[in-house]
Amino acid sequence: MKLRDKVCIVTGATSGMGEAIAKCFSCEGAFLVLSGRNLESGKALEAELSNAIFVPGDVTDPSYNKKLVQTAMENYGKLDILSLNAGILGLGNVQELPIDTWRHTMDTNLSAIFYLCKYALPYLQKQPKGNILVNASIAAFKSFPNHPAYCASKAASVALMKQMAVDYAPNIRVNAICPGPVDTPLLWESAKAFENPRTAVENAKRTTLLKRLGTPEDISKLVLFLVSDDSSWITGTTVTIDGGIINT
Ligand SMILES: NC(=O)c1ccc[n+]([C@@H]2O[C@H](COP(=O)([O-])OP(=O)(O)OC[C@H]3O[C@@H](n4cnc5c(N)ncnc54)[C@H](O)[C@@H]3O)[C@@H](O)[C@H]2O)c1
């Protein structure tokens, strides 16, 4: 039990990696506040896991982030860990991309991290050890066609992570993971930026050095390492988890 009695907020918990992270944290003894937009899957996950409270809402709304923190404090009396997974793609090249989509992508992938950290930090600071883990992407370092808002927002989320690591050390560790192609609904959505989406996913799989897509469980194991004491000398850094595709 690596997270026994730790109180964690997990965003994007109703799908993909966030859902796998919530399940992994629950198995490791954590108390959870689950954030997501899908009421049905959020309620189902809440029922499946012990010690989990689902709070539906939109992470681009600052007051919703405040509510996530309040839910943790009112129900569990403390807050130890943030796992920030909510993300969208906002596809289209710069000429095509509607300004609203640009703004919504930056709000979801970047500003929402700022909002939740802003409200959570006073409580994380009260704990002997706090932990913030941003789910960025290899798109922070590598460009993909028709993903301008995604690449820019993910690069900025890494910069924000590094900056917070400076301000909040030594009690709070802040890190980011940079996944490559992981088999979730978002990956298939991302493939729509290519002429033949199925071929694009197959190509991504073949291009990885390890010849497979990542699974949400591959990711949750790394996240568990980074938020637990096993990584107690790691802060302000990114860990790439991509089957080696960044080297190709
Ligand atoms: N799948 C990949 O290949 C891949 C690769 C690198 C990084 N990522 C990142 O991993 C994270 C998780 O994505 P995933 O692949 O599991 O996809 P996913 O689509 O399964 O999950 C994304 C989650 O974010 C939530 N979300 C999106 N906008 C929201 C909003 N405004 N308010 C509340 N919740 C919102 C969705 O409801 C969903 O639960 C994302 O940040 C994504 O950018 C994914």
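At what angle do helix H3 and helix H4 pack, and how far apart are their axes? In this predicted model, helix H3 (residues 62-76) and helix H4 (residues 99-124) pack at an angle of about 35°, and their axes are 9 Å apart. The crossing of H3 and H4 is right-handed.

You can follow the contact residue by residue. From H3 come Pro62, Asn65, Lys66, Leu68, Val69 and Met73; from H4 they are met by Ala112, Tyr115, Leu116, Tyr119, Ala120 and Tyr123. Sorted by class, the contact of H3 with H4 has 10 nonpolar residues, one polar and one charged.

H3 also takes part in an aromatic pair. Two such pairs turn up in a search of the whole structure. In the pair of Phe31 and Tyr76, the ring centres are 5.2 Å apart and the planes stand at 50°, so the pair is tilted. Because Phe31 lies in strand S2 and Tyr76 in helix H3, this pair ties together parts that are 45 residues apart in sequence.

| Space | Volume | Lining by class |
|---|---|---|
| Largest pocket | about 1,200 Å³ | 22 nonpolar, 23 polar, five charged residues |
| Second largest pocket | about 220 Å³ | four nonpolar, five polar, seven charged residues |
| Largest cavity | about 80 Å³ | seven nonpolar, six polar, one charged residues |

The largest pocket is lined by 50 residues, and Leu89, Tyr150, Thr184, Leu186 and Leu187 are the closest to its centre. Several elements each supply at least two residues of this lining, among them helix H1 (16-27), strand S2 (31-36), H4 and helix H5 (148-168). Helix H6 (185-190) and helix H7 (197-207) each supply at least two residues of it as well.

Which residues lie nearest the centre of the second largest pocket? They are Lys129, Arg173, Val227, Ser228 and Asp229, out of 16 lining residues.

Finally, a search of the whole structure finds one cavity of 30 Å³ or more. Its lining has 14 residues, with Leu84, Asn85, Ala86, Thr108 and Ile113 nearest the centre. H4, strand S5 (130-135) and H5 each give at least two residues to the lining of this cavity, and the largest share, four residues, comes from H4.

Note on methods:
Residues are numbered from 1 along each chain as its sequence is written. This is a predicted model: local features need pLDDT of at least 70, side-chain atom pairs count only at pLDDT 80 or more; totals for chains, interfaces and linings use all residues. Side-chain values use heavy atoms; hydrogens and water are left out. Axes are lines fitted to C-alpha atoms, for helices over the stretch in contact, and angles run from 0 to 180 degrees between N-to-C directions. A crossing is left-handed if the near helix is turned anticlockwise from the far one by less than a right angle, and right-handed if clockwise. Contact means heavy atoms within 4.5 Å. Ala, Val, Leu, Ile, Met, Phe, Trp, Tyr, Cys and Pro count as nonpolar, Asp, Glu, Lys and Arg as charged, and the others, Gly among them, as polar. On a 1 Å grid over the protein atoms alone, a cavity is a set of points where a 1.4 Å probe fits but cannot get out, and a pocket is an open set with protein on both sides within 12 Å along at least five of seven lines; lining residues have an atom within 4 Å of a point. Grid points are joined across faces, edges and corners, and a volume is the space filled by probe spheres set on the points. Rings of Phe, Tyr and Trp (its six-membered ring) pair if their centres lie within 6.5 Å; planes under 30 degrees apart count as stacked, over 60 as edge-to-face and the rest as tilted.
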